[in-house]
Amino acid sequence: MRELPPLVDRVRARLAADAGAPSQAAVATLVREEAGGLLGDGDVLHAVREAVDELSGAGVLEPLLRLPGVTDVLVNGPAEVWVDRGGGLERTPVRFADDEAVRRLAVRLAASAGRRLDDAAPWVDVGLPDGTRLHAVLPPVSGSGTCLSLRVLRRVRLSLDDLDAAGALPGGVAPLLRALVARRLAFLVTGGTGTGKTTLLSALLGCAPPAERLLLCEDAAELDPVHPHVVRLLTRPPNVEAAGSVTLRDLVRQALRMRPDRLVVGEVRGAEVVDLLAALNTGHDGGCGTLHVNRAADLPARLEALGVAAGLDRLAVHSQAAAALAVVVHLRRGPAGRRVDELGVVRRVGELVEVVPGWRADGGAVPGRPELVRLLGAP
């Protein structure tokens with residue numbers, strides 16, 4: 001198999017003029033022709049797999065993306081490839097021939113999603129056809145060579161019972177979460193990157209009554225609740241002429257006209273926070289979403305930053321949040337894995353809001369416990 005790289009180069013050259021991704025049958029035919037009968041059946045199968053990965057998959061990264069439990073594959077230039085399998089980043093022995101090979105892969109992956117990546121547009125952030133999230137940056141913007149970040153979407157439907165069995169719901173918090181959904185309270189699932197916010201939100205949405213209509217607004221199709229009535233709206237990036245974009249804010253506004261029983265924003269990270277808070281203040285009970293924060297207590301500051309950037313003044317953001325949100329479900333990733341760390345209660349203090357603990361996994365002080373009991377009917 002030492003002849004594989006030039007073999008792939010020759011196959012690539014013959015397929016260069018073809019539109020679309022090559023089929024395995026077409027690649028197999030070309031591999032046999034280019035090999036000149038020198039490869040056995042086993043070698044041909046291996047060569048076809050390598051060639052398909054190189055020509056239409058993620059190249060040398062494809063085996064890493066197939067590893068069980070992999071959530072991220074990161075490339076920091078041709079000699080540094082890392083993966084995250086849930087226990088932190090691990091360096092792999094995978095290498096690219098040179099930076100041009102990394103760039104070629106990045107450009108091809110971006111093109112498969114209809115996006116441009118070149119010197120004039122040196123970065124891209126887009127969802128690939130299989131749901132994987134791609135972010136790529138080219139030199140000289142990236143000083144360490146072409147950088148790739150691939151976030152793997154794992155289509156695993158987990159219920160609250162599954163998460164409880166896995167240890168993600170410590171201290172008997174599962175009944176509180178069920179009550180949160182049953183009482184149609186507005187809430188946000190918060191935490192840092194990779195803490196399992198989307199997984200938990202999907203499980204919570206699966207607890208909604210089957211007669212309810214769920215409207216999901218997302219950048220990529222990540223939420224996958226076990227529920228009979230789900231309508232999914234997805235953003236769209238601008239085309240090469242910088243036109244035709246559809247933002248999360250656009251989706252939230254459209255969803256409000258589609259008779260939602262629950263309005264869900266997969267990740268609140270921009271101006272859509274204004275429309276979401278407004279919706280939760282005008283009769284759309286049970287709405288929810290996720291938000292990146294390090295601590296539940298940091299939520300008001302994060303909402304303030306997003307809301308002010310979108311045109312609201314500080315007091316308006318806090319007033320809207322106080323009237324709209326009831327509970328914050330905060331997750332943390334530690335040595336024991338991902339788990340619910342705190343249930344916070346959104347409380348008005350003068351003209352501002354704060355989040356105080358109503359339940360904590362570590363058994364610490366919970367000044368918001370009486371309010372949480374009132375909201376959830378907890379014992």
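1. Strand 12 (residues 327-334) and strand 13 (residues 337-349) pair in the antiparallel sense over eight bridges. Pairing requires at least two DSSP bridges between the strands; strands are DSSP runs of E, at least two residues, and helices are runs of H or I, at least four, numbered from the N terminus. Within this pair, His 330 has Glu 342 in strand 13 as its bridge partner.

2. This is a predicted model, in which local features need pLDDT of at least 70 and side-chain atom pairs count only at pLDDT 80 or more, while totals for chains, interfaces and linings use all residues. Residues are numbered from 1 along each chain as its sequence is written, and side-chain values use heavy atoms, with hydrogens and water left out.

3. An open sheet of eight strands runs in the order 9-8-10-11-7-12-13-14, with mixed pairing. Strand 9 (230-234) and strand 14 (352-360) each have a single partner strand, so one side of each edge strand lacks a neighbour in the sheet. From one strand to the next the twist averages 25° (axes are lines fitted to C-alpha atoms, for helices over the stretch in contact; angles run from 0 to 180 degrees between N-to-C directions).

4. Helix 9 (residues 248-255) packs on this sheet and touches strand 8 (214-218), strand 9 and strand 10 (262-265); contact means heavy atoms within 4.5 Å. The direction of helix 9 makes about 165° with that of strand 8. Helix 11 (residues 299-309) also packs on the sheet, touching strand 7 (187-191), strand 11 (288-292), strand 12 and strand 14, and its direction makes about 95° with that of strand 11.

5. An open sheet of six strands has antiparallel pairing and the order 3-2-1-6-5-4. Its edges are strand 3 (89-91) and strand 4 (123-127), each with a single partner strand, so one side of each has no neighbour in the sheet. Here the twist averages 15° from one strand to the next. Strand 1 (residues 72-76) and strand 6 (residues 147-151) pair in the antiparallel sense over five bridges, with Asn 76 opposite Cys 147.

6. Arg 133 lies in strand 5 (residues 133-137). Arg 133 is buried, at 18% relative accessible area (buried is under 20%, exposed over 50%, partly exposed in between; 1.4 Å probe, protein chains only). Residues touched by Arg 133, not counting those up to four places away in sequence, include Val 126, Ser 149 and Asp 219.
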